Amino acid sequence: MIKKITIILLLLVLCSGCWDMKEINQLAIVDMIAVDRDDDGMFHAYYQILNPPSIEARRSGPSKAAVYTFDVKSTTMGRLMEQTGTVMSRNLYTSHLQCYVISERTARAGLLRMINYLENYKERRTNVYTIVSEDPVSEVISTFTLLDRVPGRNIRLLMDWHARKFGINKLPTRMKDIVEGVPFSRPTILPIVQYSGGGSASVSDRLEDINATKQSLKINGGAVFIKAKMVGKVNDEIKNTYYVLNGYASRKPETFKVKGETVDIEITGIRIKRTWESKDVLRIRMDAHMGIINNEQRQKLTVQNIGEMEQAFNRTYKEKCEEFLSFSVQKNWDMLGIGDMKQGRNRWRDIRVKFEIHSKLNHIGNTITPYE
Amino acid sequence: MDQQIQDMSAVIQKKLNHAPDLIIKSYNVQEQTKLTCMYLCTITDQKLVDELIISGLLTPHSPLEDSQDPVHWLMTAFKQAEIKEVSGVDSYVKELLEGQCIVAPSGQKAVSINVRKQEQRSIAEPETESVVRGPREGFVEDSSRNLSLIRKRLKSEKLTIEEMVIGSESHTTVLLVYMNGIADPSMINEFQKRLKAIQTDSILESAYIEEYIQDKTLTPFPQFMSSERPDAIVAKLLEGQAAVITDGTPIVLAGPITFFQSFSTSEDYYQRADIATLLRWLRMLSFVISVFTPSLYISIASYHQEMLPSSMLANLASQREGVPFPGVVEAFGMMVIFEVLREAGLRMPRLSGQAISIVGALVLGQAAVEAGVVSAAMVIVVSLTAIANFVAPNYGFGIAQRLIQFGFMFLAGILGFFGVMCGVFVLLIHLVSLRSLGVPYFAPLAPLRLSKWRDTFIRINRPLNRSKG
Amino acid sequence: MEQTTLSPFQMFCVITCFIVGTTFIMLPNATIADAKQFGWLVHLWSAVFGVLIGSVWIYISGKHPGLSLVQIFSKVFGKYAGGFISVCYIIFFLQIAAWVTRNVSDYMHVTMMPRTPPTVFHLMTLVVCAYAAVKGIRSISLVSIFIVPYIFISFWIPYTIMLNEWDWRNFNIPADFHFWHAVSETKYALGFPFLETIACMMIFPLVRVKLKTAVLGGTAFAGFQIALSVFFAIGILGVYRSSHLLYPEYTIFREMEFSSFMEHLESIISINMLLVVFVKLSSIYYFAVTAICQVFSIRSRAVVAIPLIWVISAYSLLFSNISENAKWIHDNLFIYYVPFGVGFPVLLLVFTWFRKERGERTT
């Protein structure tokens with residue numbers, strides 16, 4: 001009895017099964033999406049689709065286009081997917097997305113609606129890197145990249161490498177970091193991508209050109225988001241200080257001058273500690289180790305000299321932090337996230353911040369005494 | 001007197017359907033007594049018959065006196081032979097069929113002398129269970145020799161043997177062997193009860209018995225261990241299990257077993273404990289690989305592509321670019337073809353078996369991929385599954401793996417991971433509800449018996465294992 | 001009733017699976033939305049409540065040794081009144097089973113297989129659990145023995161990996177916290193799952209030793225697990241994000257990256273979690289089936305279990321979408337559960353005392 005019914009049930013399931021089945025070779029694997037909303041309110045989406053045969057492991061070197069970009073437009077975001085059906089012969093598959101590119105005007109108009117749309121369906125992801133493009137997104141997304149021939153992957157690896165340089169795993173520059181940042185007063189910073197060179201590098205002939213940086217993508221500066229809306233731009237220096245002072249970065253290269261001579265160092269093991277001296281005074285203390293990368297002083301490295309270098313660094317960096325703070329106040333962006341602390345809630349501008357830098361030079365490298 | 005003997009011969013001949021190999025000869029002993037010898041020449045040793053009976057009868061040690069009962073005289077005359085008294089035509093026939101020679105002075109009573117032909121192959125290395133280190137002896141088809149192989153290893157008075165004859169036509173000798181005092185008496189009782197309950201006409205192989213005595217019929221999992229290695233069976237006896245030796249087959253059953261015992265071999269105990277533990281885990285891993293690889297491949301390739309690393313997805317997509325079949329069909333097709341190949345390899349004469357494997361490997365592997373009929377990934381999946389399947393030390397267990405693997409492929413084909421997970425749950429429920437001779441099949445994991453772990457999931461060095469090794 | 005005994009550890013695992021069951025998929029979103037960053041505390045005090053009410057049930061069960069819930073009712077209230085209450089409980093069990101089934105299909109639909117019709121999930125799940133129910137509580141509890149550690153590992157590994165996304169700021173958002181207000185806002189967390197556990201009284205008599213440790217330990221352990229997972233969800237995703245997502249825990253699995261080559265393991269991890277739900281559904285299915293068998297004196301569980309597949313799968317279509325379900329949970333669930341979890345047991349207790357007193361007086 002039980003067995004009979006079970007068998008009948010199983011057969012029933014078999015007869016009608018496989019609703020969600022999708023064959024691998026029926027998928028258009030999306031690698032990168034660029035979104036732009038033009039002034040008429042039309043959404044333009046550029047889907048970069050992998051061309052599997054040309055990126056197969058066995059084949060090497062430039063052969064065919066690794067990706068194709070499809071451009072669709074629609075009046076609502078929700079119907080972009082449907083529109084792809086008119087240009088693509090395969091099922092759009094966004095689970096393997098590596099990167100979103102957002103045009104600056106779209107970002108300035110606010111991303112919350114878009115994020116809502118993205119988080120609604122299981123195949124769309126928000127934990128992927130997002131970059132803002134100053135140039136028209138169509139140009140950025142129609143660029144063949146070198147070394148990593150899949151542009152999305154290329155950007156992603158670039159960002160990963162970027163993060164590694166700060167000694168962290170992932171930079172908070174993903175779509176979801178914007179949502180997570182919404183309830184906080186500290187802005188979220190996304191990187192800005194720039195396209196160098198005239199005319200987009202959209203033909204795979206470009207892969208034969210030896211000059212790699214002639215027409216290529218470059219990460220430069222950051223776009224500041226408050227409440228999922230882009231409010232302005234910052235340069236790399238501010239962006240990096242933001243990562244350091246908010247405790248993301250654990251290492252970073254720096255440059256300062258000792259007695260008029262340039263010294264390049266890498267600071268490692270950065271620790272940031274915030275203490276409240278009084279209700280209105282916040283002290284931010286940074287402890288770090290230094291390692292010399294380049295020392296242009298023409299004198300022997302003595303204990304005294306090392307002390308001078310540490311002093312010089314502390315001073316220089318403190319100035320930098322204060323610059324950062326005044327920039328933050330001037331722009332009215334709570335870049336230090338003071339407004340998210342209990343004491344500073346809703347009045348971060350009234351808080352006076354004191355910086356205290358303590359550094360220790362540990363690694364001096366091989367050249368103790370420079371050649372003169 | 002003569003008439004009586006002749007009647008008897010006629011009845012016997014009739015009972016045996018006038019078998020051409022039935023030999024009936026009459027001799028006169030000391031002129032006055034007539035003895036009739038009957039035997040089936042095909043199953044008796046002609047030399048023995050000649051030596052023992054004919055010459056023995058014609059030149060007796062002591063003369064037959066008139067007053068003496070001829071049967072009694074015969075019993076003393078053949079003291080050295082295996083001899084017993086029988087009476088009645090039915091028992092004569094039974095003895096004849098067992099290879100005895102009936103010597104009848106009269107119609108009522110006779111003696112039967114054992115002249116059975118000892119036709120058997122010599123003890124050889126078991127072919128299905130080869131070991132690197134360990135004894136090379138294997139069981140043979142003769143139950144008494146098998147018993148001697150066990151006795152040789154267990155010179156213990158605890159070794160208990162119970163003989164029973166099962167099969168209304170085949171009259172197969174079945175021996176239940178266990179260690180008295182080590183084996184659980186209630187388990188032995190249950191075993192005896194089940195063996196006695198068997199109602200059948202014939203037992204040709206121990207699998208017949210296994211089917212009758214297993215706890216649950218509708219399951220792919222073997223509930224008894226079968227082995228042709230005496231050392232393996234002896235080890236099981238020492239663990240308190242019971243073994244069934246069936247006459248006519250070298251495969252001896254032992255039980256009760258548990259699921260996890262299927263992953264251990266007798267060789268584990270001849271090797272270092274650390275490597276044995278590692279190998280057990282390897283076998284369990286192979287079980288998982290062989291059961292789940294095809295279904296995982298189907299569910300990932302057809303339902304959950306996000307699981308693949310991006311670059312691998314691109315690779316797989318380009319491999320499958322020209323393949324005409326959907327993933328499920330491809331997987332089922334390849335697995336079925338592989339099963340066909342395996343069966344062909346088993347049934348073919350040994351020499352052409354190799355040809356099969358070459359054709360299979362070359363044609364199906366290389367050519368099919370190059371022709372774009374299947375994807376290279378699928379060939380990898382099938383080979384991986386097959387190789388992992390061969391790791392199963394117990395052949396019956398390997399068969400179970402193949403069966404459930406197809407079940408999981410089916411489930412993966414209709415519902416992806418969800419289907420597989422439903423299957424896993426059903427499989428777990430099924431496994432824990434199984435029992436082998438009343439012993440929970442999934443012990444010592446469920447029910448949890450941590451103390452038993454040291455000889456299932458790991459093997460602890462004998463000196464360190466304080467309980468008996 | 002099945003002629004078997006359960007070890008305390010088996011009982012512990014069944015209770016753990018029963019409580020964790022669908023709670024971890026259904027509740028985090030609701031409690032975080034209602035109690036903000038204190039959502040995890042809600043589950044802690046709910047667990048305390050669960051332990052308290054659990055000891056009451058154990059006390060009652062101890063007064064009637066060897067009897068299951070419905071048997072106690074027919075003993076104390078007589079055949080008809082007791083039978084009526086038992087039928088109420090049977091319907092209650094079936095409802096829970098239907099909701100759990102529905103939760104499974106909703107979860108699968110949203111997170112993994114949007115095109116498969118829910119009925120397929122219902123039937124598949126129910127067939128599987130009906131099989132388990134027919135095999136009996138011994139098999140279910142034995143399976144739960146290794147599901148608990150397995151899930152424990154496969155649940156906490158992703159969470160631990162996600163710790164690098166941890167942000168203490170998430171606990172520091174402005175929010176007022178008033179204990180009693182929060183309790184009344186999140187009272188459903190008391191009922192679901194901690195009042196549902198009364199169903200386990202069906203198998204209390206099967207546990208011969210350490211029943212108290214097993215049941216209360218399981219309740220506390222499972223409650224603690226849920227609280228911890230909500231705590232992690234808040235720390236990792238933030239209050240803002242988790243209260244806007246239907247299944248925050250799934251999002252954590254989704255955003256976990258084992259390494260750069262194993263990025264998206266969410267389907268396998270979240271499907272693994274369904275094993276716990278299967279145990280819960282099988283147990284409640286088994287309770288319903290045995291209760292029916294005991295009330296109507298039916299021998300074979302299979303005869304009852306198979307038709308129930310259709311009943312439950314039909315009933316599970318009651319809510320047309322998750323929002324209706326969530327609204328019902330938020331507004332009515334606790335009130336609805338109180339008579340079953342507290343009302344009838346207390347009545348039982350009163351009657352038991354009353355009878356005993358009367359019995360003492362007459363002697």
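Residues are numbered from 1 along each chain as its sequence is written, while chains are lettered from A and ligands numbered from 1 in the order in which they are written. As the model is predicted, local features need pLDDT of at least 70, side-chain atom pairs count only at pLDDT 80 or more, and totals for chains, interfaces and linings use all residues; side-chain values use heavy atoms, with hydrogens and water left out.

**The two interfaces**

The table uses contact (heavy atoms within 4.5 Å) and buried area (the accessible area, with a 1.4 Å probe, that two parts lose on being put together, summed over both).

| Interface | Residues in contact | Buried area |
|---|---|---|
| Chain B and chain A | 24 of chain B, 26 of chain A | about 2200 Å², 62% on carbon and sulfur atoms |
| Chain C and chain B | 36 of chain C, 28 of chain B | about 2800 Å², 80% on carbon and sulfur atoms |

**Chain B with chain A**

Two salt bridges cross this interface, each being a side-chain nitrogen of Lys or Arg within 4 Å of a carboxyl oxygen of Asp or Glu. One of them pairs Glu321(B) with Arg90(A), with the closest N and O atoms 2.6 Å apart. On the chain B side, two or more residues each come from helices H9 (273-302), H10 (310-319), H11 (327-347) and H14 (395-433); helices here are DSSP runs (H or I) of at least four residues, numbered from the N terminus. H10(B) gives the largest share, seven residues.

UniProt, in an unreviewed entry, places "transmembrane region" at residues 281-303, 375-396 and 408-432 of chain B; such annotations may be inferred rather than shown by experiment. In the model, residues 281-303 of chain B are 96% helix, with end C-alpha atoms 30 Å apart. Residues 408-432 of chain B are 100% helix, and their end C-alpha atoms lie 18 Å apart.

**Chain C with chain B**

Chain C has 14 helices and zero strands, and its C-alpha trace spans about 75 × 45 × 40 Å along its principal axes.
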